[in-house]
Amino acid sequence: LSQVLTLITTSQTVTSSEERKSSLDLLLQMLPHICQDLDAAFQGFSGGIERSLFLYFLGAIDKCIGAISALFESLPDALKHQISSFTSVHQAAEILWAVLRENALLQSSTVKGALKLCIDKMP
């Protein structure tokens, strides 16, 4: 996750439109994978999940969504039309909703963080 956060930070400092589009494409590919990793942790892979790790995942997902939005808004209209799809954002939202449905989240801060992402940040 730290590499993902570094990539997100780096993506926001690129200057050319083509670099921003490439960064956007990469983040769109990464977003559902981050959510799949979160789901896998709930399934017991990679040692399972603890509250701090869950919140770290939510923070990474939030930053990724924010970077996607900022990069898209910074592109010229001609390049915006070249973005083929935002289905990965929809896939990520579906995975997060599944995590909420299938797992008992006992602390209100974790539920609030997940809901905020699903409702406020992703369609």
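This report describes the fold, the core, the surface and several individual residues of a predicted protein model.

## Overall fold

The secondary structure of the protein chain comes to six helices and zero strands, and, read along the sequence, the elements follow the pattern α-α-α-α-α-α. Taken along the principal axes, the C-alpha atoms fill a box of roughly 45 × 25 × 20 Å. The radius of gyration of the protein chain is 15 Å, which agrees with the value near 14 Å that a compact globule of 123 residues would have.

Of the 123 residues, 40% count as buried. Among the contacts between residues at least 6 apart in sequence, 76% join residues that are at least 24 apart. The protein chain exposes about 7000 Å², and carbon and sulfur atoms supply 54% of that area.

## The nonpolar core

The largest nonpolar core has 36 residues, and those with the most contacts inside it are Leu 27, Leu 31, Ile 61, Leu 96 and Met 122. Helices α1, α2 (17-42), α3, α5 (87-102) and α6 (108-121) each supply at least two residues of this core, and α3 gives the most to it, with 10 residues.

Not counting residues up to four places away in sequence, Leu 96 touches Cys 35, Leu 38, Leu 58, Ile 61, Leu 117, Cys 118 and Met 122.

## Residues of helix α1

Helix α1 covers residues 2-11, and Ser 11 is found in it. Is Ser 11 buried or exposed? Ser 11 counts as buried because its relative accessibility is 3%, which lies under the 20% limit for that class.

Thr 6 and Val 89 are 83 residues apart in sequence, and their C-alpha atoms are 20 Å apart in space.

## Asp 62 in helix α3

Asp 62 has its place in helix α3, which covers residues 51-74. With a relative accessible area of 27%, Asp 62 is partly exposed. Apart from residues up to four places away in sequence, Asp 62 touches Leu 117 and Lys 121. Gly 48 is 14 residues from Asp 62 along the chain, and the C-alpha atoms of the two are separated by 21 Å.

## Salt bridges

The count comes to two salt bridges. In one of them, Lys 21 pairs with Asp 25, and the closest N and O atoms are 2.9 Å apart. Both residues lie in helix α2, four residues apart, which is about one turn of the helix. Lys 21 counts as buried at 12% relative accessibility, whereas Asp 25, at 26%, counts as partly exposed. Beyond the residues up to four places away in sequence, Lys 21 also touches Leu 75, Leu 79, Gln 82 and Ile 83.

In the other salt bridge, the side chains of Lys 80 and Asp 77 meet at 3.9 Å, N to O. These two residues both lie in helix α4 (residues 77-80), three residues apart, again about one turn of the helix. Lys 80 counts as buried at 19% relative accessibility, while Asp 77 counts as exposed at 54%.

## A nonpolar surface patch

Which residues make the nonpolar surface patch of about 260 Å²? The patch is made by Trp 97, Leu 115 and Ile 119. Of these, Leu 115 is found in helix α6, and with a relative accessible area of 30% this residue is partly exposed.

Conventions. Residues numbered from 1 in each chain as written. Predicted model: local features only at pLDDT ≥ 70, side-chain atom pairs only at ≥ 80, totals over all residues. Heavy atoms only, no water. Buried < 20%, exposed > 50% of the residue type's maximum accessible area, 1.4 Å probe, protein only. Contact = heavy atoms within 4.5 Å. Core = buried A, V, L, I, M, F, W, Y, C linked by side-chain atoms within 4.5 Å. Patch = residues over 30% accessible without salt bridge, like charges linked within 9 Å, V, L, I, M, F, W, Y side chains within 5 Å. Areas by Shrake-Rupley, 256 points an atom, 1.4 Å probe, with all protein chains shown as cover. Salt bridge = Lys/Arg side-chain N within 4 Å of Asp/Glu carboxyl O. Rg over C-alpha atoms; globule rule 2.2 N^0.38 Å.
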